[in-house]
Amino acid sequence: MKKTLLALAFGALCAASFSSAATADTIRVGTHPTFAPFEFTDTEGQIIGFDLDIIKAIAKSNGDEVQIESMPFDGLIPSLLTGNLDAIISGMTITEERQKRVSFSEGYYDSVLSIIIKTDKADTYKTADDLKGQTICVQIGTTGHALADQLSPGKVKALNNEPDAILELSNGGCEAVINDRPVNLYYLNKAQLSTLTEFVDPSFKEKVDKFGIAVRKDNQALVDKINAGLAKLEESGELDQIYVKWFGQTRDGKTPETAPEGTVANIITEAGEAVAADEAVEGNAAPNPASAQ
């Protein structure tokens, strides 16, 4: 009898192990790693960033693994639709146009756009509308690209990555670069050019872009799985830990005593303090320095 019970228990254990292994998936995730701090390549050639930490944590919470595929931004959705990818995480804004082609997870990051211009043009370009009719540089396929098309139809230079856009601006090939603020601040700090400066149009603060993870419309099961993983990360506090690592704040804007050194959190904080100092002189209230919202 004991042998029978032991055999049954062993069989159940094996079945459970087999079932767990059978349901574990390797999710092929596409990204364009030129969008720091969300996704970029480090000095050792590894793709890292906020988005990578998010998708890996989601997969781990569900008992899955991820296989990261690097490709140009404008090739991500086509690759998803043809079945070469299972999901996309690449600082991708949830828009009505994209929702016609793909499904999205719940939003995992809120962002606003900002504008980089030459320092000596600061009195000329104070709002986005001031750039109407001017040549504008953007990273191809981004929401900054969409806005530039509205401001200056036919006068937009769409480049593969942010460094190329900044270089074009520095060389006089355009009047401004429009992109998500954390990305602009990261590369502006990296370039260390006193000839360039960054500002946020007041109207941008009224329109928050939500980043989501894209999945094929016929794969609602994966959307649900990703959303369940996000919920687990939020409940466990791991989502806030990832936020603090890269941005120096929790998702709801709480700031720890010190931001992690060597991350974009410091860059955004320093940029915010500079803005705060300027606005204090003008008698205006300063924005939340470390927030991209």
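Tutor: Leave aside the neighbours of T93 within four places in sequence, and T93 is in contact with R98, F104, T143, D209, K210 and F211. This is a predicted model. T93 sits in the loop between β6 (87-88) and α4 (96-99). Is T93 buried or exposed? Its relative accessible area is 4%. The cut-off for buried is under 20%, so T93 counts as buried.

Now take the strands. β6 belongs to an open sheet of 5 strands. The order is β5-β1-β6-β15-β7, and the pairing is mixed. Two strands sit at the edges, β5 (65-70) and β7 (102-104), and each pairs on one side only. One of the contacts of T93, F104, falls within the residue range of β7. Inside the sheet, β6 pairs with β15 (residues 214-216) in the antiparallel sense, over 2 bridges. There, A87 stands opposite V215 in β15.

Helices come next. α2 packs on this sheet and touches β1 (26-31) and β5. The direction of α2 makes about 150° with that of β5. α8 lies across β1, β6, β7 and β15. Relative to β15, α8 runs at about 155°.

These two helices also meet each other. α2 covers residues 50-61 and α8 covers residues 220-236. They pack at an angle of about 95°, with axes 8 Å apart. Angles of 65 to 115 degrees count as roughly perpendicular, so α2 and α8 are roughly perpendicular to each other. From α2 come I54, A57, I58 and S61. From α8 come I226, G229, L230, K232 and L233. The residues of this contact divide into 6 nonpolar, 2 polar and 1 charged.

β3 (residues 39-41) and β4 pair over 2 bridges. T41 stands opposite I47 in β4.

Last, the whole chain. It holds 10 helices and 15 strands. Of its 293 residues, 45% count as buried, and T93 is buried. Take the contacts between residues at least 6 apart in sequence: 66% of them join residues at least 24 apart. The accessible surface comes to about 14700 Å², and 52% of that belongs to carbon and sulfur atoms.

Note on methods. Residues numbered from 1 in each chain as written. Predicted model: local features only at pLDDT ≥ 70, side-chain atom pairs only at ≥ 80, totals over all residues. Heavy atoms only, no water. Helix = DSSP H or I, 4+ residues; strand = E, 2+ residues; numbered from the N terminus. Buried < 20%, exposed > 50% of the residue type's maximum accessible area, 1.4 Å probe, protein only. Contact = heavy atoms within 4.5 Å. Areas by Shrake-Rupley, 256 points an atom, 1.4 Å probe, with all protein chains shown as cover. Axes fitted to C-alpha atoms, helices over the stretch in contact; angles between N-to-C directions. Parallel < 35°, antiparallel > 145°, perpendicular 65-115°, else oblique. Nonpolar A, V, L, I, M, F, W, Y, C, P; charged D, E, K, R; others polar. Pairing = 2+ DSSP bridges.
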